[in-house]
Amino acid sequence: MKGAVQYEKRKAGNGTCVALLTMDSAPVNALSAGVRTGLEERFKEALSDAEVKAIVVTGAHGAFCAGADISEFASGMAGPPLPVVIAGMEASDKPVVAAIDGVSLGGGCEVALGCHWRVASSRSQAGLPEVNLGLLPGAGGTQRMPRLIGAEASVDFMCRGAPLSAQQAAKAGIFDSVVEGDNAEVVQAAVDFAADKVGADLAPRRLCNGTAKAASPDALAAKRKEYQKSRQGESAPQAIITCIEASTDRDFQEGMKVEGKEFGKLLMGDQSKALQYMFFAERTCAKIPGLDAKPGPLNVAGVIGAGLMGGGIAMCCAEAGMKVVLLDVDQKNLDRGMAVIKKNYARSVDRKSKTQAQVDKILANIMPATTYDKLAECDIVVEAVFENMGLKKKIFAELDRVCKPGCILASNTSRLDINVIADATKRPQDVVGCHFFSPANVMRLLENVRGPRTAPSTIATAMAFGTKLKKVTCLVGNCNGFIANRVMGVSGAGVLIQGGLLPHQIDEAAQGYGMKMGPFRMNDLVGLDLFGRERANSGEANPDKFVFDAMYKKERFGQKNGKGFYKYDDKLRYSRDPDAEAIIQQVWKNTDVKPKDKSADEIVDTLYLPVVNEGFKCLEEGMAIRPSDIDVCCVFGYNWPRYRGGPMQWASAVGLPTVLEKIQAMGLKPSALLKECVDNKWRLNSKEFTARISAAWSSQWPNSKL
């Protein structure tokens, strides 16, 4: 049984004997069966020991407790249920004090709430982040926390899913005392605190007593609307509010029944399964099987191009503590780029997300330059100019000349062939793609793109680069569009608008599915002129027959000029535009298309089943290591709703036979791998499927193994 609880007796400053119970399950004392059993048994031992007058609960390994062992959700629970353990702690007739040093999250925070008082170190955090896993605090958190800090504050604490610092938790009323010092000093402070409480009336300290109070009858209704908007489509926030409502109008035991019922519904639902899947997928994607090489140094970075993307990458590197050479051969572009960076940080100071001192330190890390010789000492250089292969090859030839041996030469290309770029150098083993998503200082995804000659040490350094920049980093193969752009690029948005549906119909269905914005609002945001200009210049444009070409011809570029698929006011608020719809309807008339009316489910299938099919092709070709990597790329690169788990997890939830049937009905050629899965009844987490995609990856990249 994993985990244990250590037991010892300590003397307080006044000589009182205090039992110290230490949760011990590396690395963060997750509440495994061993820890829950240990708490129950050690409490019985302390309560039956006449010498012990008070009890302190703490954690080993620099943490109090980071919550449930979520692997048990799949494998099954053993040992006593956590609500029963906490109830036993709370019922103690001896004072119980939590000595919190480090994180106190989820079930760990609920354990702390079961104690009569909470003493914390200044570095500690408290949080109930279960909402991020599609769940709610299921061990009394939705009932005890409102009785401690109030209903409205509890809604925000749980529905935001973000931890509070020790100082914030004390101000909110969660921590009773915050002390400076190391773990030993915090534990001793808690022991002395507990000794001082011997003989105190514990009834008011038991959070199972009484009911919580809301500020007004309408307060929780207002919070419900707030989180319907800010966490659109998610079930857990609404279930949390239902439980907190119960804490205000019924006794603790009745409230616990509501909590248990709502927890059970969430646990069995698709959203919690998808969010737990994403929790592990996000942590797995940075692990490259078979990669034994060690990363090189990452102290100095070069960034070529001072535009929006280059400036964002420079900001990421500078914030990570790297020295950054921001190079643009055009002084005006360089000055403009630095001005944008400074303006961004000025906003951060205004919003109080950063102090001026922090901003000054970051800006001091960025050194503007106009000549390539300034890159001589860089450990990694990221080229971030526009997508022109000739220009990129010219830049990489120059980098080959000026950069030191072993410097990583990275391109931020979103689709161009890394191998062709590497041909411009005499060191193709040092060349890799580092594909950031715009704006780079906001979007969390980094796709590292390996070519056939990219060295393992280069891959290791590129992955470490992503970690240093706090990016969600995936290694992908060298193909057109890589993973996120490739799979999302085959979305059925174009098919739908050419086939008789208007932008608002398609966007409303996409947003109903959970997308932050639909594909046509997204096109307006990015700019219709980018794609339109490329087609017009190449001679491929046909504005009589293709909607996108027609929009470009009419100079409807999107938000940048106030008119695209929608019209925009001076605050960029959008609305339907009869002029845009008339352009679309004229294309329909030219191509003998009649207006259509499809259900939201039909629109979603047309939009995203092609994405699923392309994901299977990426795996089939050895361009992705695992299906969860594709999901991570879509969630963090395109804001695919986390609670759907990404396209591959969504396909699993729908059922692969159903997905195949629908793809064939749409007239698409299904991936051979998808058909193979259905024929063999493979699940995406099965050993057989894993072996199959391992073979594909190993065949594509012979120096790798899965």
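Modeller: In describing how two axes lie, angles under 35 degrees count as roughly parallel, over 145 as roughly antiparallel, 65 to 115 as roughly perpendicular, and the rest as oblique. The model is predicted, so local features need pLDDT of at least 70 and side-chain atom pairs count only at pLDDT 80 or more, while totals for chains, interfaces and linings use all residues. Residues are numbered from 1 along each chain as its sequence is written, and side-chain values use heavy atoms, with hydrogens and water left out.

Biologist: How are H30 and H31 oriented to each other?

Modeller: Helices (H or I, at least four residues) and strands (E, at least two) are DSSP runs numbered from the N terminus. Axes are lines fitted to C-alpha atoms, for helices over the stretch in contact, with angles from 0 to 180 degrees between N-to-C directions. The axes of H30 (residues 672-680) and H31 (residues 687-700) come within 11 Å and cross at roughly 155°. H30 and H31 are therefore roughly antiparallel.

Biologist: What is the handedness of the crossing of H30 and H31?

Modeller: A crossing is left-handed if the near helix is turned anticlockwise from the far one by less than a right angle, and right-handed if clockwise. The crossing of H30 and H31 is right-handed.

Biologist: Is Leu525 buried, partly exposed or exposed?

Modeller: Leu525 is in helix H22 (residues 519-526). Buried means under 20% relative accessible area, exposed over 50%, and partly exposed in between (1.4 Å probe, protein chains only). With a relative accessible area of 44%, Leu525 is therefore partly exposed.

Biologist: What accessible area do Leu525, Val526 and Leu530 have together?

Modeller: Patches are made of residues with over 30% relative accessible area and no salt bridge, joining like charges within 9 Å and nonpolar side chains (Val, Leu, Ile, Met, Phe, Trp, Tyr) within 5 Å. A salt bridge is a side-chain nitrogen of Lys or Arg within 4 Å of a carboxyl oxygen of Asp or Glu. Areas come from the Shrake-Rupley method with a 1.4 Å probe; for residues, only the protein chains shown count as cover. The three residues Leu525, Val526 and Leu530 form a nonpolar surface patch of about 260 Å².

Biologist: What is omega for the peptide bond from Ser438 to Pro439?

Modeller: Pro439 is found in the loop between strand S15 (431-436) and strand S16 (445-450). The Ser438 to Pro439 bond is cis, with omega near -5°.

Biologist: What is phi of Lys352?

Modeller: Lys352 lies in the loop between helix H14 (331-351) and helix H15 (356-364), and at 73% relative accessibility counts as exposed. Its phi is positive in a residue other than glycine, near 65°.
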